[in-house]
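Me: I should like a close look at a single part of this model. Please set out its surroundings in one connected account, with the cut-offs behind each term.

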Amino acid sequence: MARMPSLPGLHLFSSLPSAPPPHDPSSASTPSTPIPIPKYPQPKSRILRTNPPKPPNPALKTFHRRSKYYKPVKDGVISSHGDRAVVIGDSGVSYLLPDAPFEFQYSYSEIPKVKPIAIREPAFLPFAPPTMPRPWTGKAPLKSSKKKIPVFDSFNPPPPGTKGVKQVEMPGPFPLGKYPKEGKSREEILGEPLKNWEIRMLVKPHLSHNRQVNLGRDGLTHNMLELIHSHWKRQRVCKVRCKGVPTVDMDNICHHLEEKTGGKIIHRVGGVLYLFRGRNYNYRTRPQYPVMLWKPAAPVYPKLIQEAPEGLTIEEANELRMKGKNLLPICKLAKNGVYISLVNDVRHAFEGSILVKVDCTGMHESDYKKLGAKLKELVPCVLLSFDNEQILMWRGKDWKSDISEDPSATLPSQARTNDGESIENGDLLHGNHQTIKTSPKMKLLWEKAIDSNKALLLNEIGLAPDDLLEKVEEFERISQATEHSYPALIMSSEDDSSSPDDNLESQDHDESNYSSDDDEDREGDLFDNVNPTVPMGSLPVDIIAKKLRPE
């Protein structure tokens, strides 16, 4: 092994210096880039514009959402300025204006049944002040035009084909020889009730038309009244499509639409309504309402969920809430859907369980809370919680079943046997039979099946197997004969003498009774083809064709 010479001042395992050596800029040289990166000018489209953001429109700001304004209110006038006032009543917050036909509100259909307890903003009228020289449009006033634009008159519309004028439908429909008349009341404007063929003629063009009024979570709002009249300006029927929370109670929407607009709902399918303006409607004499310039803040109402609901203690309510966590929902509601059958679904679910849950995942918080408030009034029921975007309801102690427990409800009042003999319901109740609970709808279906010979009511309960088989085979022959038989058509000379006007008069119907309750019975035959009443080969065209036909 070689030995290293020992030098003075040299130590092989010495530690590193505590401070780095001084940096000499003259001795160090920066390494140069081997290939320089070229710099290309950026296109103008990629240059980021650093313009300052525009300030938001102050008219669209909702100050009540960021403020802690809270003022308890009581019934009566809370703010007034001359003849204009803000009033708290049974219908919530309403606004009184001089010469107004009714109290104005932001929403006419979506009003809770309870009275508000406080307001979230100062009580101001959301209308233009009377000192404003023109209606507020959000734009600067235009220069005064020298042209004098005439007021639109539905009784004297511009002739068709006029340049710059859209299509306008005349008032009506009217029978031959009748003309529109000026009317002031709702009955005078609506005129005579519509006939079936007139309803089909008015509704059919709008079935696939997208010109409509959309009614959402706020229901029938005040500004929609003027919007509906703008639709009626050029067409006789206004199509209204309803979605969201208001569709739980469609009868309420139909009532307020007819009451506030003065029209008539002539057809209804699901959440779509067809609103007729009236035979004698004139856009020039329509009621004109001021437009709301902003949406007022909703007042504060009492809480829907109570710690101890009515009829329960705190311990019982908490126990029901714990049971409801493991309960499966009866349905899942989609956002902005149509919930026409929701009330009946909840009522039917209460027949088998004291608790019912509805899944509202994905919906807005205010939407499913409004749904709960409506179900509480319409079912009725007791709300327990809105946890996890689900509505949990209890049917309450005063709940009554919709299924009748009367034994006579299981059988029709008068039934027929396979021999065609009619027997009374009281005769059947004396036998030994088992009473089965049934709903009114199921009872109606059984009655229709027995009347149409599609079902058989046995008056003898204890039948032998052979006798029962014989009755079933005999009933099968009767039902087949009934199903494949058609009514005979009898033509006489007296029928030929009847005028066509008599046939039209026989088709009249009482339109005043046409409401949303009759829609289910009339939807099926509204657009069905009319069955021909003339036999084949009896028309004059058929006789001429028969003579010209080569033998």
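Against which elements do the buried residues of α7 pack?

Reply: The model is a predicted one, in which local features need pLDDT of at least 70 and side-chain atom pairs count only at pLDDT 80 or more, while totals for chains, interfaces and linings use all residues. Residues are numbered from 1 along each chain as its sequence is written, and side-chain values use heavy atoms, with hydrogens and water left out.

The buried residues of α7 pack against β10 (355–359), α8 (365–378) and β12 (390–394). Contact here means heavy atoms within 4.5 Å; helices (H or I, at least four residues) and strands (E, at least two) are DSSP runs numbered from the N terminus. Helix α7 itself comprises residues 342–349, and its buried members are Leu342, Val343, Val346 and Ala349. They lie on the same side of α7 because they cover an arc of only 130 degrees around the axis, the arc being that of the directions from the helix axis to the C-beta atoms. Buried denotes under 20% relative accessible area, exposed over 50%, and partly exposed in between (1.4 Å probe, protein chains only). An α-helix has 3.6 residues a turn, so residues three or four places apart point the same way.

Helix α6 (residues 314–325) also bears on this region. Its buried residues pack against β10, β11 (382–385) and β12. These residues are Ala317, Leu320, Arg321 and Gly324. They cover an arc of only 100 degrees around the axis, which puts them on the same side of α6. On the face turned away from that buried side, α6 carries the exposed residues Glu315, Met322 and Lys325. The 12 residues of α6 should span 16 Å at 1.5 Å a residue, and the end C-alpha atoms are 17 Å apart, which agrees; the expected span is 1.5 Å times one less than the number of residues.

The largest cavity is lined by Leu304, Gln306, Pro309, Glu310, Lys376, Val382 and Leu383. A cavity is a set of points, on a 1 Å grid over the protein atoms alone, where a 1.4 Å probe fits but cannot get out, and lining residues have an atom within 4 Å of a point. The lining divides into 4 nonpolar, 1 polar and 2 charged residues, where Ala, Val, Leu, Ile, Met, Phe, Trp, Tyr, Cys and Pro count as nonpolar, Asp, Glu, Lys and Arg as charged, and the others, Gly among them, as polar.

For the protein in general, the secondary structure comes to 15 helices and 14 strands, and 30% of the 551 residues count as buried.

Methods
On a 1 Å grid over the protein atoms alone, a cavity is a set of points where a 1.4 Å probe fits but cannot get out, and a pocket is an open set with protein on both sides within 12 Å along at least five of seven lines; lining residues have an atom within 4 Å of a point.
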